[in-house]
Every structure is written in C-alpha cells, then in structure tokens.
Amino acid sequence: MNPRVMVAARYLVLTLFAVAVLLPFVGVTLAAFHPSGAPIAGLAWPTEWTWSNFVEAWQEAGFDRLVANSFIIAAGVVPLSLVLATLAAYSLATLNPFGGRALSVAFVLGLTLPIELVVVALYFDLSTVGLTNSYLGVILAETALFMPFGVYWMQTHFAALPVELLDAARVDGARSLTILTRVLLPISWPALTTLGVLYFMWSWNQFLLVIVLMQDPELRNAPTGLGLFVGQFSANIPLLSAASIIVIGPIVTLYLIFQRNFVSGITQGAVKG
Amino acid sequence: MTDVAVRSGRSVRPERTPARRRPKRRVGRRLHGLVYLAPALAVYVLFAIWPAIHTVYLSFLEWDGILPAVPAGFSNYVTVFTDPTLGPALWHAIVLILFFAVIPCAFGLLMTALLQGGVRGMTAYRMIFFLPQVLPLVAVGITWRWMYSDGGLVNRGLELIGLGSVTRAWLGDYDTALVALGLIGTWAMSGLCMVLFLSGVQKVDVALYEAVALDGGGPVRKFFTVTLPALRGEVTIASVITTIAALASFDFVFVTTNGGPVNQTTVPGLLVYRLAFNEADIGTASALAVVLTLVVIVFVTAIRLITRERS
C-alpha cells in the first residue's frame with residue numbers, strides 16, 4: 001500500500017480513538033455550563049454560559065471541607081510514603097539485610113491484594129485504637145496500602161544504579177545514611193518525583209478506604225463527597241457535571257504538568273513487575 | 001554530588017579493605033539494613049497485613065460488630081456460595097474481566113499491529129489515551145451515568161446512525177446493565193493496554209522484521225512471529241492489572257448502578273461494603289472478601305502460567 005495512505009490511516013485510527021476517550025469529558029464540560037437542572041440531550045452547546053453550577057455544587061457538597069481534607073490526607077501520605085519506601089528500598093537494594101529476600105517477596109505479593117480484603121477488619125482495628133474518623137488513621141492506612149508499589153519502585157531504581165557508586169562511597173568510609181542522602185538521593189529525583197506524583201493521585205482518588213474509615217461526612221475527601229452528592233442530586237446533570245469537574249480538576253492539572261512521570265510510572269512500574 | 005562520587009572513586013584502590021575485615025562489616029551492614037526497613041515494615045504489617053489476617057479470622061465468626069462474636073466454622077463461606085445475591089456478584093466480577101482485560105488487550109494488540117511504524121505526535125495521543133488512568137473512578141462513573149442516560153450521548157449517537165429503536169437507559173435495563181458497566185472498563189483500560197504495548201514494541205530489533213520479510217512473510221506473520229512474542233511481558237502485566245481492576249471494582253459501580261437493577265450488576269466489593277457496614281454481617285462480608293482475594297490470586301496465577309515462556 002502507498003506509504004502515505006498508511007500514515008494517513010494511522011492518524012485517522014489514532015484520532016478516532018482519542019475522540020472516543022475525550023468525548024465523555026467534552027460532554028460533561030459542556031453540560032456543566034448549562035443552567036442548573038436543565039435537561040441535557042447529547043452534546044448540547046449551552047445557549048447561555050453560566051458558572052453558577054460550580055458555585056452551587058461547591059456550596060451544596062461542601063467542597064471547601066472535602067477538598068481541604070483531600071489535601072490534608074495527601075500532604076501526610078505523600079511525604080511519609082516516600083520516606084518509608086525509600087529507606088526500605090535502599091536497605092533491600094544495597095544493604096542485603098537479614099530476611100531481605102523474603103521481605104521483598106512479601107512486598108511484591110502485596111501488589112495483588114484487593115483493598116476489600118483489608119478494609120473490614122481495618123475499620124474495627126482502627127476504631128478500637130481511636131483512629132477512625134481521623135486523618136492519621138487514613139494516612140497510615142493509605143501509606144500501608146501503597147507501600148508495596150513504592151518499595152518495589154525505589155528498589156528497582158536503586159538496584160539499577162552503578163555498583164561502583166556505592167562501593168566507592170563505602171570504601172571512603174561514608175556511613176550508610178550519608179551514602180543515601182548525599183550520593184543516591186541527589187540522582188534519584190526523577191524516580192522520587194514519579195513516585196510522589198503517583199502517590200498523590202492514589203491518595204486523591206481513594207474511595208473505598210475513605211468511605212469506610214471516615215464515617216463522619218465532614219472528614220471525607222473530594223471523590224467520596226462526590227459519591228454521596230450523586231445520590232442527592234442524581235437528576236441535575238449540570239450540577240453533577242460541575243461537581244465532577246471540581247473533583248477532577250486538581251488531578252488533571254497535575255497530570256498536565258507531570259504527564260511523563262504519570263505515564264512512565266504506570267507503564268514502567270507495571271512492566272518491571 | 002558527582003564530586004563525592006569522583007573523589008571517592010579515586011580512593012578505591014589504595015584503601016581496599018583487607019578480606020578478613022569484610023565479613024564483620026557485612027554482618028553489621030545487614031543488621032543495619034533492618035533499621036532502615038523497620039518503619040516501612042511496621043506500617044505495612046500493622047495497617048495492611050494484620051487487617052488482612054484479621055479479616056480471615058473474622059470470616060470464621062458470626063458477628064454484628066457490637067455483641068460478642070460466635071464461632072461460625074465455614075458457614076459464612078457456605079453462605080457466600082449459596083446465597084442468591086452473593087454468588088452472582090462473583091460471577092459478575094468474572095464477566096467484567098472480559099470487558100476490562102480481554103477486550104482492551106485484544107484492542108491494544110490490534111492497534112499496536114496497525115501503528116507499528118510509529119507516528120509523529122505520539123506523545124500527545126498517548127497523553128489522551130492515558131487520561132482515564134489518572135481520574136477518580138467516581139467521576140468516571142458519573143460521566144458515564146450521563147453518557148448512558150435516556151438523553152445521553154450513547155443514545156444520541158445510536159439515533160444518529162439510524163438505530164433509534166434500540167435506545168434505552170442502558171444502566172437501568174435488566175439485560176444490558178452489566179454489559180454497559182463493562183464497557184466503561186473497556187473505555188478506561190484500552191488506552192493503558194495500547195500505551196503499554198506500543199512502548200514495548202519499540203525495543204524490538206528491526207532486523208527481526210527484516211528477516212521475516214526476507215522469508216516472504218507479510219504483516220500478519222511479522223505480528224505473530226516477532227511482535228507478539230516480544231510483548232509477552234507487557235501482555236502479562238496488562239492482563240494482570242486490568243483483571244485485578246475488574247475483580248476488585250467498587251467505586252464506579254457504587255456511583256453508576258449501585259448493584260441494580262435487581263442485583264444485575266452487584267460486584268463483590270459492593271457487597272463486602274454493604275454486608276459489613278449496612279447489614280452488620282461482618283462474618284459474611286469477611287468471607288466474601290477472602291473468596292474474592294482467592295479468585296484474584298487464581299486469575300493472576302493463571303495469567304502468569306498461560307503467558308509464561310515455554311522453553
């Protein structure tokens with residue numbers, strides 16, 4: 001076949017698929033600018049653009065609370081997870097700790113466990129120690145659930161660094177913590193950024209864990225609040241669309257900035273496993 | 001930073017540690033390593049491993065969450081398989097695998113075969129295809145609730161191509177709800193599979209294709225003898241990720257159908273939540289969670305066995 005026709009055909013296929021992926025969001029965005037409560041049929045162009053749905057959704061769902069909660073939880077989960085996963089991975093990859101091999105396997109196995117297995121007992125465990133309806137409880141639970149991926153991700157990263165780097169620093173008499181902070185971390189920013197971005201996304205999007213551990217609606221995060229908002233306003237498409245865009249907003253912004261990290265984190269993280 | 005590396009690099013040879021001092025330092029380092037592991041391990045064990053074990057324990061009890069629990073033997077497991085609502089939920093989750101894993105992987109492979117030459121501007125496309133992966137599933141679910149509604153885009157599209165007679169509220173229809181739900185997964189997962197496969201195919205040695213071409217092989221043979229074997233790892237991982245997503249689904253079911261109509265779209269995650277927190281039947285909820293986990297393990301193991309390299 002004519003190579004130029006082939007190229008054109010490729011673009012056509014890609015563009016069709018891209019449209020299929022984007023169409024639902026285009027529809028929701030257009031719907032969000034219609035007057036509240038208006039019936040939306042298909043891809044309807046608003047006759048009169050209005051921001052009022054965003055204001056109404058924000059107030060009705062109490063998004064200032066929900067969004068703040070989301071950020072508070074993420075602000076705990078991201079740094080804590082990064083530090084703990086980095087320390088553990090550094091040890092597993094370079095210090096050959098006793099039982100290290102078994103622990104690596106234990107972390108990797110954790111990648112396949114569904115949250116459903118943990119969540120019921122976790123609720124009762126945490127309520128006996130007063131960690132339900134608590135930011136700390138959710139932060140620690142998310143940190144634990146995200147740990148397998150983080151340890152695994154950083155371990156592959158550290159293991160791929162040249163051995164000479166470590167040997168040289170060791171012979172120099174550097175202590176292991178110094179080696180980590182002065183030698184390894186400065187060249188690990190790309191890996192850490194990717195992991196941090198993924199952690200933020202998982203924390204921001206977390207639903208089941210939050211709906212269970214935060215019985216108090218005031219303490220829930222943005223997606224969970226959105227989940228309940230649907231029940232209240234299920235027929236008001238413009239309002240629901242605006243609420244969805246509010247919840248999607250921060251993560252899409254982050255995605256636009258750290259696009260490479262998201263894609264490489266999910267694809268490489270997956271493939272190496 | 002590079003300074004440190006270079007400087008210490010110079011001192012390697014003269015100061016090389018004598019062999020007899022090494023074992024002791026190694027033991028020290030190996031013990032030291034445990035200190036670095038301890039915090040991560042503590043959080044992981046306390047907040048993930050222990051609750052998982054605790055769930056298994058709870059699955060052998062009859063408990064409402066308040067009054068003292070009563071040992072129940074395997075009766076909760078019997079309930080999971082005999083109850084008219086629980087068994088079907090497991091079955092629904094397995095049906096979802098078709099839409100979350102099988103179709104997206106097949107689609108991804110087809111696209112990979114078509115697009116192999118690579119095109120300019122792939123980064124922008126990749127970014128769009130990947131978008132469903134980063135969004136909260138609740139928002140995805142709400143979007144599709146609207147897509148599938150009476151006046152939604154799906155029905156409008158069908159009317160446009162002259163299929164106005166089949167339009168309906170897809171998620172509310174007894175016969176179509178599960179398929180409609182599954183297709184949301186197809187929409188979300190196809191991009192992931194495609195991006196994974198397209199990046200995997202880049203590492204294939206072009207000489208292999210040339211060899212097939214010299215042998216008189218066409219594009220189909222190139223795909224089956226070179227591309228597909230080269231993507232073994234990617235296919236395995238895409239299948240595993242998407243299968244787990246199908247089996248453990250919760251968020252988007254919760255906001256789209258919440259199991260309805262008439263329990264046609266119940267999934268294990270939804271019922272674990274309902275049993276434990278709405279119906280105060282902790283034992284059965286735990287047993288269902290354990291069975292779900294076993295199903296996940298069986299499927300993941302099966303995928304790994306099927307896609308394993310045959311020597």
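In this predicted model, chain B is split into domain 1, residues 21-47, and domain 2, residues 75-307. The C-alpha centres of these two domains of chain B lie 40 Å apart.

Turn next to the interface between the chains. Chain B puts 86 residues into the contact, and chain A puts in 88 residues. On the side of chain B that touches chain A, the most comes from helix α2, residues 22-58, which gives 19 residues. The make-up by class of that side of chain B is 61 nonpolar, 17 polar and eight charged residues.

Now follow chain B to a pair of its helices. Helix α13 of chain B covers residues 268-277, and helix α14 of chain B covers residues 282-306. The two pack with their axes 8 Å apart, at an angle of about 160°. Angles over 145 degrees count as roughly antiparallel, so α13(B) is roughly antiparallel to α14(B). The crossing of α13(B) past α14(B) is left-handed.

Which residues meet where these helices pack? From α13(B) come B:Pro268, B:Leu271, B:Val272, B:Leu275 and B:Ala276. They face B:Ile282, B:Thr284, B:Ala285, B:Leu288, B:Ala289 and B:Leu292 of α14(B). By class, this contact of α13(B) with α14(B) holds 10 nonpolar residues, one polar residue and no charged residues. The side of chain B that touches chain A, by contrast, does include charged residues, eight of them.

Notes:
Residues are numbered from 1 along each chain as its sequence is written. Chains are lettered from A and ligands numbered from 1 in the order in which they are written. This is a predicted model: local features need pLDDT of at least 70, side-chain atom pairs count only at pLDDT 80 or more; totals for chains, interfaces and linings use all residues. Axes are lines fitted to C-alpha atoms, for helices over the stretch in contact, and angles run from 0 to 180 degrees between N-to-C directions. Helices (H or I, at least four residues) and strands (E, at least two) are DSSP runs, numbered from the N terminus. Angles under 35 degrees count as roughly parallel, over 145 as roughly antiparallel, 65 to 115 as roughly perpendicular and the rest as oblique. A crossing is left-handed if the near helix is turned anticlockwise from the far one by less than a right angle, and right-handed if clockwise. Two residues are in contact if their C-beta atoms, placed from the backbone, lie within 7 Å. Ala, Val, Leu, Ile, Met, Phe, Trp, Tyr, Cys and Pro count as nonpolar, Asp, Glu, Lys and Arg as charged, and the others, Gly among them, as polar. Domain bounds come from an automatic or database domain assignment.
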